[in-house]
Amino acid sequence: MIGRCRHRSDFDALRSGRRLGARVLWVRVALDREVECSRVAFAIGRRTGNAVERNLLRRRIQSVLRQLEADLPPGRYLFGSHRPASKVTYTDVVTDVYALVERTRALSHS
């Protein structure tokens, strides 16, 4: 199960987390084995596009994360975009989220 970052402590932990980038997306990761389920937040600002485009991008990321739920190491995640949402395809999102989760798994093993 993937939850949402809601508390100040979640965002405090993310502040000291590690940032990883891909072609279109970036993620700030704060791994924590004590968290019962991974928690996710989004930093998709107005520069990324209008509300419809931003929400579509957020839903696409959430969809891919649900598919990868078993592979996601426990911790907190903050996702954002390098590009305008109108220029990001679903294939871009899938490729980047898979790559970012793989790099996060490598972090958790080191």
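Guide: A salt bridge is a side-chain nitrogen of Lys or Arg within 4 Å of a carboxyl oxygen of Asp or Glu. Side chains of opposite charge can pair when their charged atoms come close. The model shown here is a predicted one. Across the whole structure, a search finds 7 salt bridges.

One of them joins Asp10 to Arg39, with 2.6 Å between the closest N and O atoms. Asp10 belongs to helix H1 (residues 8-15) and Arg39 to strand S4 (residues 38-43), so this pair ties together parts that are 29 residues apart in sequence. Both Asp10 and Arg39 are buried.

Asp12 counts as partly exposed because its relative accessibility is 33%, while Arg15, at 61%, counts as exposed.

A further salt bridge connects Asp32 with Arg76, whose closest N and O atoms are 3.2 Å apart. Asp32 sits in the loop between strand S3 (25-31) and S4, and Arg76 in strand S5 (residues 75-81), so the pair ties together parts that are 44 residues apart in sequence. With a relative accessibility of 22%, Asp32 counts as partly exposed; Arg76, at 10%, counts as buried.

Finally, Asp10, Arg39, Asp32 and Arg76 are among the members of a network of salt bridges, which also includes Glu36.

How values were computed
Residues are numbered from 1 along each chain as its sequence is written. This is a predicted model: local features need pLDDT of at least 70, side-chain atom pairs count only at pLDDT 80 or more; totals for chains, interfaces and linings use all residues. Side-chain values use heavy atoms; hydrogens and water are left out. Helices (H or I, at least four residues) and strands (E, at least two) are DSSP runs, numbered from the N terminus. Buried means under 20% relative accessible area, exposed over 50%, partly exposed in between (1.4 Å probe, protein chains only).
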